[in-house]
Amino acid sequence: MSRALQGPPASRPELSEDSAKAVARRCAGSGLADGGRPRRRTWRVSAAAALTIVGAAGTFVAGGWLAIDAGRALAGQAADKVCVEGLTARVYQEARFAAELQAELDRQTVVALARDARKPVLAWALLVCAALTVVGAKWFVSARALRPAVPRRVVNLHRRALAVANPGDAREVAVQAGALALPVLHTPEVDLQAVDEIIARVGGDSAAAIPILQEVQRHYRYLPDAVLKRVCALTDITPGQIAGVASFYSHFRRTPVGEHVVTVCHGTACHVAGAPQITEELRRRLGVPAGTDTDAAGRFTVEQVPCMGCCTLAPVVRIDEVTHGHTRADSVGLLLEQPPRGRGAKGPSGRANGTSGGKKRPGDSVLPADGEIAGEIRIGLGSCCVANGSGAVHDALERALAEHGACVRVKRVGCVGMCHNTPFLEIRKHGLADDSVTERAGRNGEDGAVLYSRVSAEQVAAIVRRHFGVRGLLPRARRVWQQAASAARSWNRNGRAAVAAPAAPQALELRDPPIAAFLGRQKHIATEHCGSLDPLDLDEYIAHGGFAAWQRITSEPMPPVAVIEEVRQSGLRGRGGAGYPTWLKWNKVTERRAATKYVICNGDEGDPGAFMDRMLMESYPYRIIEGLMIAAYAVGATEGVFYIRAEYPLACERLTAAIRKCEQRGLLRPDGRLEPDSPEHDRHMDIRGGLAARTLGDADTGPSRAQPGLTLRVVQGAGAFVCGEETALIASLQGQRGTPRLRPPYPAEKGLWGRPTLVNNVETLACVPWILRNGPAAFAALGTERSKGTKVFALAGKVARGGLIEVPMGITIREIVEEIGGGGKRVSSFDFRVSSSESKLATSWKAVQIGGPSGGCVPAALADTPVDFEDLAQVGAIMGSGGLVVLDETDCMVDLARYFLEFTQGQSCGKCVPCRVGTRRMLEILERICAGQGRTEDLPNLEELARGIQATSLCGLGKTAPNPVLTTLRYFRDEYEAHLAGRCPAGKCKALIEYVVNEACTGCTICAQYCPVGAIELRPYERHEVDTEKCTRCDVCRARCPEGAIDIMSGSCVCPA
Amino acid sequence: MSFAAQLCVRVLRGSRSTRPVRGGGRVSFTPVARALLLGALGGLAYPSVGQHIDYARPVSAAPTVEDIGAGYTLPVVPTPPPRATWREAVDLGVLAVGLGLAAWIVLKTRSRAGVLLIAAGGLAYFGFYREGCICPIGAVQNVSVALTDPAYSISYFVIAFFFLPLIFALLFGRVFCAGVCPLGAIQELAAIRPVQVPRRIDRVLTWLPWVYLGLAIWFATRPLPQRDFVICRYDPFVGFFRFTGALWLMLVGAGLLVVGVFIGRPYCRYLCPYGAILSLLSRFSWRGVTITPDRELDCGLCDEACPYGAIEELRARKAACLACARCYRHCPRQQVCEKAGQPLAVETGSASK
């Protein structure tokens, strides 16, 4: 055991003196379990030693005696023989020697007999004594070491955790291990050559400020001052504007960035799943000083982003360009050390940044020229699917098919919505009707398509073999050989399943209760054909009814008023949050007389916890384009803009590609960047009249006489939540700080560049083609009295089945959470813990956070509230953009209110005082309460402030910012009061909790092995203890403990965990 | 042979499985292979039992008493009386009971002391009382001779001694080695301070028993004048049981025991030919030693617990596990279960989660 402590690897820092001693003491097994033991052990040790000595002595005596006897017998044999022979010879000569001979023979006989008689006795004595020696020695050994020695493996893990507990060493370890494995990103010197190129490419008017800065940042990875000066010199942008813009948007960095960027998602779902602990652990491990985001050596930058839109994989960490889901505070360090997961993990999203052209995209599989198509394999490749490994599965699939030789089409499809089941494969043999999973589920029918969920890359080959057989002699032979090899491997391994060749996983069936419950209540309008459409295949979209609405409008032709009338009849309301009737907005823009009008698709979905807009843009770009075309037709606009968050690179890429394809088909006018008042512009306005003449068929046969009148472009946001507000969005599009302004005038009157502008949400536009294709009555038939149609929600948090769902309005929150989501989920690292507390499973959720930072928390008691704009407003929440995060009793509502306020406070543009100062004061109060220093008057103060901010703020951001505080105060006031009393009932607020080990501890040392700060001493087979002084409340020990032996104590109560 | 059988099973099953199997997951072939092996054992036993022994010997040419004449009388050959059948039955019974007891102690009560008691019992009965004969290790030779030489008569009890531990190995792993085998028992008792053998060396040495087994079968199946039972002749420990034997062999035995104080059970792991067969069969065993009494924590405390190199990646390797029960006290779950007084039931299948 002392070897366990010898020679730590040279690169590893030495253990501190006292901890080394402590480990040594444990390793020596000195048995401190109870006080009485040492004396008893001393007695045992001496007894064992005595027994061993006695036994050994006996063995020695008996063995010696036997040996002497044997030796004597051997030595005397010859002499005796000589003696007898001599006497015998004499007897022949003289008879008198006969007696002598007789005497000699008698003597020898006696001696031999005595020896023979002694021999078994001595042998048995020897045996007994040897046995005694063995028993004594074994006893001695076991009495000395009461506890087994600690294996090196365990000591090393503990040592490693301790080693990185020192920030100075931590950087060394991380750099040594991580930097070599990660590709080093190039940080260029500030040469101004690139600036000129960028400006030449992007343009030099003041509206281009944001695109220019984005390009600059992409090139330099931050905004160097020299570059900004150069930009001002070359363009119309003033230094004031550029400073304003660069400081306003959170996407822009003013300080150099580290070689590697580690981004931690701080969305709602990630926050409740432990993102703060992960950030803290990352900063500690990488040695990032407080107040900065990059370590001193400039190797690592740790960033926080509001939301990456991978809420069902929470908590999410992105390292350079690879996204990792389901991380934990103790596993992020390993992520830094492991080599990047190659192409698979990076996959499509990794390449999303601007390199779409040229190379073959994933999903565009090349079919062999000969042979009939045996079938199709569909794989969802949304951003979050890729983060969960779909990219790797896709690559494995292509490899397997290439190896297999089957003529199978691999089809990249959009999001299926079942995020809890990704990576998701659908196998369709040739000849099946071309419909989607959700459509079949709606019919409750099965058609032979086979679904696989949570497929790993290793299983893909087996799936392909199962469905498409093995063809050809050589592949068959190879397969037999592979099976033999895997049989031989598994044979050596005591049946550890992971080692054996992976078999195909179990197939899902739509009738399985979880699947049926998840899909059963859904109604797909905005997400129609989900899971069956290739996002960028225009022909397929048209074949599935795409552009039918557009064709109907343009071929009849329908006057714009008729289009607006149909939208009015459908009862469609804006899906961005406030629920303003869409037709009213359209009508306002139509009524305005102006030469130029704009339509803007608002894809700046900044709320933490919401990702449906991203999914719609990634999966159905043509549907949104069609919606925007119809809207532009209705209001008479000639130019349209997609304003998309920069955090959604794949959405930008796909929409850009889709716009290009539509332009090629003649559906859209290529982007000419018309000046609003140019004569050319007026000419294009006339074309609008000619639109009616053209049909889709013309596009295929040749250039139609009538040119399309709408041009579309994609503009990336720069990370400002407030830009979701329409006036701020417009300001941002004009290259200014994204600050809202007073309304009226509304954008419908004076919008972009002072022209009438229509701003609609992505989801609103996605519903429009369906309405015009199926008629307004079909849409109005769904939903409630005041809210029609469906709503897409991003369901995440503590539910069993998270994902993207589209449900009819009027469905209750309980139905969403319990039927579709499958009720609360116990987040735990070990399955058996779940089974031991299964009674808690179904009912453990306590609230739903709806609508992100502008929304509110609806308690489980109000779960029967229908999803409806007015009903939700009544309970204090808003529909928002549709983030729906389920919370359970381990989520602290005060902390959640603080979290949201921290977000809105950070996103406040600072224009109006109530929002800028008021939210700051509220945040201070909430931080105080969470730190356990709350005062009695804090709660009334909070309420008063909240009401004031609601009443007097300029825009929606400020008006709704207090919502999370007000709803939690209303429904969870007891939690606030508990905090004032110094207790956090959910066990989340660090200042109010401590970790303790309960009596269930078996001394397995796992917590000590993984505690990143060495707050738990390694004590095998004994109850461990957490050093509260050292403990950082990172929750690693509790998550790791297989026995549920670690409690979070707050006050004198054990918190639910 | 069993490898080929498993291969056949895999190939047979695999070619049919193009249809998706609901509830399938990974199909374990171990039960199938186990059944096949059981059948194969039966097939092996049948020819050795059912052989026809031809007593027709060319005695006509041999000289008789009359030929010799001169008042010659046949000397009375002092043949020791054959062991009574009931005594042989008792031996077999002791073996069966010992195997059952060992399996029960190793897998159910999980007591190291119990294993040591069994070892002491095995050593006393099969070692010192029966003087190392009859033993399944040597029976390898009898069985192989019986299979090849039609003129060789083999006792049913020898066959039973050969097959019983193999059947137990298919059911419970190498419980015979745990303490029923006197050679194993004497080494188990001598292993006072065993240390780990480097894995690579251990892996190489593990092939030695197969070489020894091959040699033993080859010598045993040679025609009669050259026939030799090398396993019995060079048994290193039988001299201790009989208090007699070739001095050099006893010195080798003593040397093995002295080495065995530090390197656990060298004969069993690196020489015993019967152990090679047992390790092969125990790979397919129905139940085997699991380090934890109920559920696996993967805490790593048992990492260095096994002096016989049978713990790999924190799981017991059935092939190398000699069922000595040492690792049990390294598992933190063991003391919990003992304290709680729960039955120490070992889950199969799910235990290796």
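Let's start with A:Arg1033, which is buried, with a relative accessible area of 13%. Please keep in mind as we go that this is a predicted model. A:Arg1033 sits in the loop between helix 42 (1006-1010) and helix 43 (1036-1040) of chain A. Its backbone is worth a look too: phi is positive, about 60 degrees, although the residue is not a glycine.

B:Ala325 is not a glycine either, and its phi is positive at about 70 degrees. You'll find B:Ala325 in the loop between strand 2 (315-316) and helix 17 (332-340) of chain B. Is B:Ala325 buried or exposed? With a relative accessible area of 7%, B:Ala325 is under the 20% cut-off, so it counts as buried.

Staying with the backbone, let's turn to cis peptide bonds. One joins A:Ala314 and A:Pro315, with omega at about -10 degrees. A:Pro315 belongs to the loop between strand 2 (300-305) and strand 3 (317-319) of chain A. Another cis bond joins A:Pro744 and A:Pro745, and there omega is about 5 degrees. A:Pro745 is in the loop that runs between helix 30 (726-733) and strand 13 (757-761) of chain A.

Now for some helix packing. Two packed helices are described by the angle between their axes and the distance between the axes. In chain A, helix 26 (residues 621-635) packs with helix 31 (residues 762-774) at an angle of about 80 degrees, and the axes are 7 Å apart. Helix 26 of chain A is therefore roughly perpendicular to helix 31 of chain A. Which residues of helix 26 of chain A meet helix 31 of chain A? On the helix 26 side they are A:Arg623, A:Ile624, A:Glu626, A:Gly627, A:Leu628, A:Ile630 and A:Ala631. Their partners in helix 31 are A:Val762, A:Leu765, A:Ala766, A:Val768, A:Pro769 and A:Leu772.

Next, helix 41 (residues 973-980) of chain A. Here A:Glu975, A:Tyr976, A:Ala978 and A:His979 are buried. They cover an arc of only 160 degrees around the axis, so they lie on the same side of helix 41 of chain A. What do those buried residues pack against? The partners, again in chain A, are strand 16 (845-850), helix 36 (893-907), helix 37 (913-930), helix 38 (938-952) and helix 40 (963-971). Just after helix 41 of chain A comes A:Gly982, with a positive phi of about 85 degrees.

Let's finish with the aromatics. Over all chains, the count comes to 23 aromatic pairs. Take A:Trp550 and A:Tyr633: the ring centres are 6.1 Å apart and the planes are at 85 degrees, so this pair is edge-to-face. The pair links distant parts of the chain, since A:Trp550 is in helix 22 (residues 548-555) of chain A and A:Tyr633 is in helix 26 of chain A, 83 residues apart. A:Trp550 counts as buried at 4% relative accessibility, and A:Tyr633 is buried with a relative accessible area of 9%.

Over in chain B, B:Phe162 and B:Phe163 also make an edge-to-face pair, 4.8 Å centre to centre with 85 degrees between the planes. Both of these phenylalanines, B:Phe162 and B:Phe163, are buried. My last stop is one aromatic cluster, formed by A:Trp124, B:Phe128, B:Phe241 and B:Phe243.

How values were computed:
Residues are numbered from 1 along each chain as its sequence is written. Chains are lettered from A and ligands numbered from 1 in the order in which they are written. This is a predicted model: local features need pLDDT of at least 70, side-chain atom pairs count only at pLDDT 80 or more; totals for chains, interfaces and linings use all residues. Side-chain values use heavy atoms; hydrogens and water are left out. Helices (H or I, at least four residues) and strands (E, at least two) are DSSP runs, numbered from the N terminus. Buried means under 20% relative accessible area, exposed over 50%, partly exposed in between (1.4 Å probe, protein chains only). Axes are lines fitted to C-alpha atoms, for helices over the stretch in contact, and angles run from 0 to 180 degrees between N-to-C directions. Angles under 35 degrees count as roughly parallel, over 145 as roughly antiparallel, 65 to 115 as roughly perpendicular and the rest as oblique. Contact means heavy atoms within 4.5 Å. The arc is that of the directions from the helix axis to the C-beta atoms. Rings of Phe, Tyr and Trp (its six-membered ring) pair if their centres lie within 6.5 Å; planes under 30 degrees apart count as stacked, over 60 as edge-to-face and the rest as tilted.
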